[in-house]
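Work through the exercises below with the sequence and the model side by side. Each task is followed by a worked solution.

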Amino acid sequence: MILGQPYICFMKILITGANGFLGYYLVEQLLAKNFLVIATGKGDCRLPFTHDLNFQWRSMDFTDPFSIHDVFENIKPDVVVHSGAMSKPDECEMDQVKAYLVNVEGTVQLLINSEELKSFFIFLSTDFVFDGERGMYNEEDVPRPVNYYGRTKLDAEEAVKEYEYDWAIVRTVLVYGKNHSGHNNILKIVKEKLEKGEEYNVVDDQVRTPTYVEDLAKGIVTIIEKKATGIFHLSGKVVLTPYQMAIETAEYLKLDSSLIKKVTAANFSQQAKRPLRTGFIIDKARNELGYEPLSLEEGLRKTFG
């Protein structure tokens, strides 16, 4: 390092789905640590980091083997973080062919290209690989998905486990936070509905450990720094139903929580079945990564601050 010059880590990290909710925070945190970040997605870049000399954008469709090959041959990433996915369970249920192409075949194509370079492969998965019969799962528990989205993510996990070089699988739960990508999440919907004086139906018989998005990104960055391998559960530490989370949001924003109506999965129409009780035990991440998630109150403050 030359005196007076910023330290640059020349490890090249390629991120799929970089235009998405998590992608924004992942890119932001990696750039803050002076990694070389190659953000990818279909179409144009929607991220505000183009001024950073360590940031590059590459248009890449990870369901297209030729598109992946061209980018990987040019970039030669040391680390691949595969956060891109078809992640809405109802859409996966209604278009299973596309869900399999994106979530399973896309992952396999990325693994094939990563293997040629011996890249460290990090795959983003979900609590929906579990059946939700009992909740509070650890990394050793046996997955049994109850919907097609969960099945595709589990199939992709199995492909990752066959990868010849270093890999990590990161499962997470109900991610929330300030969304720079424009997509809706439960907190944004609660705020918008209640500010308009509209009622909002939210399920109260599904249990989760909601995850603040910056905590999730920080956990992934730590996995990269430590080159930690295996499966990690990264989520929040508070056990809540979506209804309870909506009430907490309304009270934090000082909006009328009586507009939030409690419903059950049985009377809430959705294409894909949801696991009733998920939530994670995060002891492994705490012990091996030093992972310590924020409280929900602090997460809400940062989301709406």
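This is a predicted model: local features need pLDDT of at least 70, side-chain atom pairs count only at pLDDT 80 or more; totals for chains, interfaces and linings use all residues.

Residues are numbered from 1 along each chain as its sequence is written, and side-chain values use heavy atoms, with hydrogens and water left out.

**Exercise 1.** Describe how helix α1 packs on helix α7.

Solution. 
1. Locate the helices, which are DSSP runs of H or I of at least four residues, numbered from the N terminus: α1 spans residues 21–32 and α7 spans residues 213–226.
2. Take the geometry: the angle is about 50° and the axes lie 9 Å apart. Axes are lines fitted to C-alpha atoms over the stretch in contact, and angles run from 0 to 180 degrees between N-to-C directions.
3. List contacts (heavy atoms within 4.5 Å): α1 residues including Phe21, Tyr25 and Gln29 meet α7 residues including Val213, Glu214 and Lys218.

**Exercise 2.** Which residues of α8 and α10 meet?

Solution. 
1. Helix α8 covers residues 242–252 and helix α10 residues 296–304.
2. On the α8 side are Met245, Glu248, Thr249 and Tyr252; on the α10 side are Leu296, Leu300, Arg301 and Phe304.
3. The packing angle is about 60°, with axes 11 Å apart; α8 is therefore oblique to α10.

Technical notes: Helices (H or I, at least four residues) and strands (E, at least two) are DSSP runs, numbered from the N terminus. Angles under 35 degrees count as roughly parallel, over 145 as roughly antiparallel, 65 to 115 as roughly perpendicular and the rest as oblique.
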